[in-house]
Amino acid sequence: MTRRAMVTVGVATLAVVGAALGAWRSLGSGEANPTRGQAARAASVEVAPVEVGDIELRRVLSGTIASPVTFDIAPKVAGRVFEIKVEAGDRVERGQVVAVLDDDEYRLEVKQANADLKMAEASLAEARSAIEIGRRERERVRTLRERGVASDAQLDTVEAEMLAKRSAEAVTEAQVARAQAAVATAELRQGYCRVTADWAGGDAERVVSERYVDPGATLSANTPLMTIVELDPVLAVAFVTERDYGKLAVGQPVRLTTDAFGDEGFAGEITRIAPVFSEASRQARVEATLTNESMRLKPGMFTRIEVVVDRAEGVTIVPTTALTRRRGGAGVFVLNADGVSVSWRPVEPGLEHEGRLEVRGGGVSGQVVTLGQQLIDDGSSVRASVRGEGP
């Protein structure tokens, strides 16, 4: 082969190799398949449906179950405890005797007071007899004076004696009244040896929460014997900060849960809100009242108080994760009707509860992006999958 022929063959070979290399690069860059290149640039996102419905704003407050009425029962007199008739957990009725003190000393006081009363009554009888005798003497002297036998001086003396006897009668009447009061006092003190559970208002039956003394103990007056509580209804007491204080009102319904009964709820309502805050804690006391006919709720239990502080009806609701901050404002990305692109919609966030968020603003419907917002912008192409179902 000549030199010229060899050069011609080499040039042709180089041309073929160059054309093949160009075709390979074109395929590798995607220019031969524009659709595939566009799909490679689309961002993968998750979407979730937009709802139209109701949403509530709830607060969960930590609190404690308490009795609305708690008081100690104590004897009004000193003495030795002879008998305790109830134990912790027993139900007691209004006026029921719950303890008895040794009353020997008080029985003697009653006898002494009755003896003094009898003496006073005898003195009164004597004074009244003297008055009757004096009245007869006065009538006799008046008759004699009318006949001229007795003088005016004699009549004056009789009248003076009559006044003295009436004064003595008044004194003895006062002594009788004082003796009667002494008897009543002694009997009352003796009656105090039978200690009763008395209260005003509320239910006629309550419960002994704790007993402090045993039979045989010697007590002074007003020493507590036991504590009585009311268990139906009960109170749920919580302390709230200023952030929640303004959202609460008397009459708002609440739902309580306790560790003792798991997720079981107990219904009640707010009945009292303190008008002042504690300077130490900067919190205000809030009380809710619940019926407790089953007596399962006990004072001292820890409780969670859930209260609805706001509610919106017929509003647009999206998952909380759909809310995005861009260019100094809040908004969501809405999946367009073509299913492969998104649009930015500015919104105003509203109520939020358990992963659901109220949004105010037009054009939010269909589906919104909940994952992958950092990869997209208004008009971006996407590959959307429903949240929880995968691509």
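Start at Phe71. It stands opposite Ile228, which belongs to strand E10. One caution before going on: this is a predicted model.

Now widen the view. Phe71 lies in strand E3. E3 pairs with strand E10, residues 226–229, through four bridges, and the sense is antiparallel. In general, strands of a sheet pair through backbone hydrogen bonds, either parallel or antiparallel.

Which sheet do these two belong to? An open one of four strands, in the order E3-E10-E8-E5, with antiparallel pairing. At the edges sit E3, residues 70–73, and E5, residues 91–93, each pairing on one side only. On average, neighbouring strands here are turned by 40° against each other, direction ignored.

Next, aromatics. How many aromatic pairs does the structure hold? Four. One of them brings us back to Phe71. Its ring centre is 6.2 Å from that of Trp199, and the planes meet at 50°. Edge-to-face needs over 60 degrees and stacked needs under 30, so this pair counts as tilted.

Where is Trp199? In the loop between strand E7, 194–197, and strand E8, 205–211. Phe71 and Trp199 are 128 residues apart, so the pair links distant parts of the chain. Is Trp199 buried or exposed? Buried, with a relative accessible area of 10%; the cut-off for buried is under 20%.

A second pair: Phe333 and Trp344. Here the centres are 5.0 Å apart and the planes are at 65°, so the pair is edge-to-face. Phe333 sits in strand E17, residues 329–335, and Trp344 in strand E18, residues 342–346. The pair therefore ties together parts 11 residues apart in sequence. Both Phe333 and Trp344 are buried.

Which ring does Arg296 sit over? The ring of Phe261, with the charged end 4.6 Å from the ring centre.

Last stop, another sheet. Four strands form it, open and antiparallel, in the order E7-E6-E4-E9. E7 is an edge strand, and so is E9, residues 218–219; each pairs on one side only. Which residue in E9 is the bridge partner of Arg80? Thr218.

That's the tour. Questions, please.

How values were computed
Residues numbered from 1 in each chain as written. Predicted model: local features only at pLDDT ≥ 70, side-chain atom pairs only at ≥ 80, totals over all residues. Heavy atoms only, no water. Pairing = 2+ DSSP bridges. Axes fitted to C-alpha atoms, helices over the stretch in contact; angles between N-to-C directions. Phe/Tyr/Trp six-rings, centres within 6.5 Å; stacked < 30°, edge-to-face > 60°. Buried < 20%, exposed > 50% of the residue type's maximum accessible area, 1.4 Å probe, protein only. Lys NZ or Arg CZ within 6 Å of the ring centre and 35° of its normal.
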